[in-house]
Amino acid sequence: MPKIKLAEKTIELIKEICAQFNNKEGELINVLHGVQHQLGYLPAEVQEVIAKELNMSVAKVYGVVTFYSFFTMLPQGENPISICMGTACYVRGAEQVLTEFKRQLNIEVGQTTPDGKFSINCLRCVGACGLAPVVLVGERVYGRVSPQQVNKIIAEYQDGCASNAKIA
């Protein structure tokens, strides 16, 4: 991956988030959540600033970022789509739902559409097994999703604003 140069404003934002958690090593996950919420992803250069601010090794920060599937080191689309591939979701057809998202958006897992609107990723489990298969678009949860509902989900976000209609 090419190295990026962080703007001074971005570095200050990261430092502010770390300071909100008193620059404590034990608050690493909270810091990572806060920074990813603001920046959208956690590239190596961001992890280096966090490590310095929390007085810990970059390797430890990297280990946490790569261990938890919620964190990403790659830029995400405006509407990141995450398909749960946990056992319950997988057994109830998550793979077919994923295949349909990939087909309709013409991208693979880990990629973003050329217009930057959508990206697709898989998660291990979101803890909503009773709603399997589960799809998240941003922080919005869709339960009992079938391949036939994929078009409707995508259409909700095409205009840049999701409606409050539930799909279940």
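This is a predicted model: local features need pLDDT of at least 70, side-chain atom pairs count only at pLDDT 80 or more; totals for chains, interfaces and linings use all residues.
**Notes for every view.** Local features need pLDDT of at least 70 and side-chain atom pairs count only at pLDDT 80 or more, while totals for chains, interfaces and linings use all residues. Residues are numbered from 1 along each chain as its sequence is written, and side-chain values use heavy atoms, with hydrogens and water left out.

**View 1. E100 and R103 pair up within helix α6.** Here a salt bridge (a side-chain nitrogen of Lys or Arg within 4 Å of a carboxyl oxygen of Asp or Glu) joins E100 to R103, with 2.6 Å between the closest N and O atoms. Both sit in helix α6, residues 94–105, three residues apart, or about one turn of the helix. Helices (H or I, at least four residues) and strands (E, at least two) are DSSP runs, numbered from the N terminus. E100 counts as buried because its relative accessibility is 16%, whereas R103, at 57%, counts as exposed. The cut-offs: buried is under 20% relative accessible area, exposed is over 50%, and partly exposed is in between (1.4 Å probe, protein chains only).

**View 2. E108 meets K102.** The N to O distance in this salt bridge is 3.5 Å. E108 comes out as partly exposed at 44% relative accessibility, and K102 is also partly exposed, at 24%.

**View 3. E156 and R140 link distant parts of the chain.** Their side chains form a salt bridge at 2.8 Å, N to O. E156 belongs to helix α7 (residues 150–158) and R140 to strand β4 (residues 140–142), 16 residues apart. Both partners are buried.

**Overall tally.** The salt-bridge count is four.
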